[in-house]
Amino acid sequence: MNKSGIPVEPEHSPGLLGKNDGPAYELLNPDGRAALLLVCDHASNTIPQNLGTLGLSEDQLNLHIAIDIGAGAVTRQLSQRFDAPAVLAGYSRLVVDVNRRLEETTAFPDESDGILVPGNIGIDVAERNARIRECYTPYHDAIAAQLDGFNSNGVVPAFIAIHSFTPIMSEEKRPWEIGILWDKDSRLSDPLIRLLSDEYGLCVGDNLPYSGRHPADFTVDHHAESAGLAHVGIEIRHDLIRDTVGVDRLAGLLGNCIEVVLRDESLYHTLGSVDIPGACRT
Ligand SMILES: [Zn+2]
């Protein structure tokens, strides 16, 4: 096991990233003063040079199957607004999905939303290990290191994961403009759902179009829920944040709601460590 608690693959495998490839993650505001950590698992559609395009066209690599469109830009704005550290993944989820447990087949998807990913079909153990070692583990280590830093300073931070979702999935239109994903800890989700609906009139999905109760949200489960940190997953419909006007609008109103919610002192305790009225709903 290493810093992030993810098992280290003992097997040797050829290197993946070359000298022209970027880092496995981007860290913004590492010394930010807010008691808040932002993460963006699907911020990038970058593929390591060694993997070519995974057999996909440039157009396909610009689709939601490769990247959460607009999510990285929203995360950057929130990081700046709140002076909060943020960790953004440096590689596409098609290389390895950092928001999945490694034993899940969707960690290395060979098909996504009806599109085959040729470069992921039949990949061997060595190839998987290289992607884990050089992309997946460093990203989660970076999140763990930030949380260690908060801990060393005696701070219990809130944890927010930013994602985006496609307006149409499997030919079904999704009406929600924002989805708020949570499981047992409703300290962030309850007021966010209320503010986004009441103050901004948005169509908010309560655990829709995905659910915080589904095991697919590995990052939140592994780093925040298990530690009792107040947490939430925020999913923004990506047609709303495709351009800078949309990003500014959504990051602005979302930031306004987060600002109100972060005033609640009950967030800055681990769930179960103190009596937090109304914090837990099943
Ligand atoms: Zn995502």
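Predicted model: local features only at pLDDT ≥ 70, side-chain atom pairs only at ≥ 80, totals over all residues.
Let's start with the strands. Seen across the open sheet, the 7 strands come in the order E1-E3-E2-E6-E11-E9-E10, and their pairing is mixed. What stands at the edges? That would be E1 and E10: each has a single partner strand, so one side of each has no neighbour in the sheet. If you ignore direction, neighbouring strands here are turned by 20° against each other on average.

Now zoom in on one pair. E2 and strand E6 (residues 158-165) run parallel and are joined by 4 bridges.

Next up are helix H2 (residues 71-82) and helix H6 (residues 244-261), whose axes lie 9 Å apart. They pack at an angle of about 45°, and H2 and H6 are therefore oblique to each other. The crossing of H2 past H6 is right-handed.

Which residues make the contact? On the H2 side you'll find Ala73, Val74, Gln77, Leu78 and Arg81, and H6 brings Val247, Leu250, Ala251, Gly255 and Ile258. Sorted by kind, the residues of this contact are 7 nonpolar, 2 polar and 1 charged.

Take Asn29, which isn't a glycine but has a positive phi, near 50°. You'll find Asn29 in the loop between strand E1 (25-28) and strand E2 (36-40). Is Asn29 buried or partly exposed? It has 17 other C-beta atoms within 10 Å, so it is partly exposed.

Asn207 isn't a glycine either, and its phi is positive at about 60°. This residue sits in the loop between E10 and H5. Asn207 counts as partly exposed because it has 18 C-beta neighbours inside 10 Å.

The peptide bond between Leu208 and Pro209 is cis, with omega at about 5°. As for where to look, Pro209 lies in the loop between strand E10 (204-206) and helix H5 (218-225).

Key:
Residues numbered from 1 in each chain as written. Axes fitted to C-alpha atoms, helices over the stretch in contact; angles between N-to-C directions. Helix = DSSP H or I, 4+ residues; strand = E, 2+ residues; numbered from the N terminus. Parallel < 35°, antiparallel > 145°, perpendicular 65-115°, else oblique. Left-handed = near helix turned anticlockwise from the far one by under 90°. Contact = placed C-beta atoms within 7 Å. Nonpolar A, V, L, I, M, F, W, Y, C, P; charged D, E, K, R; others polar. Buried ≥ 20, exposed ≤ 12 C-beta atoms within 10 Å, placed from the backbone. Pairing = 2+ DSSP bridges.
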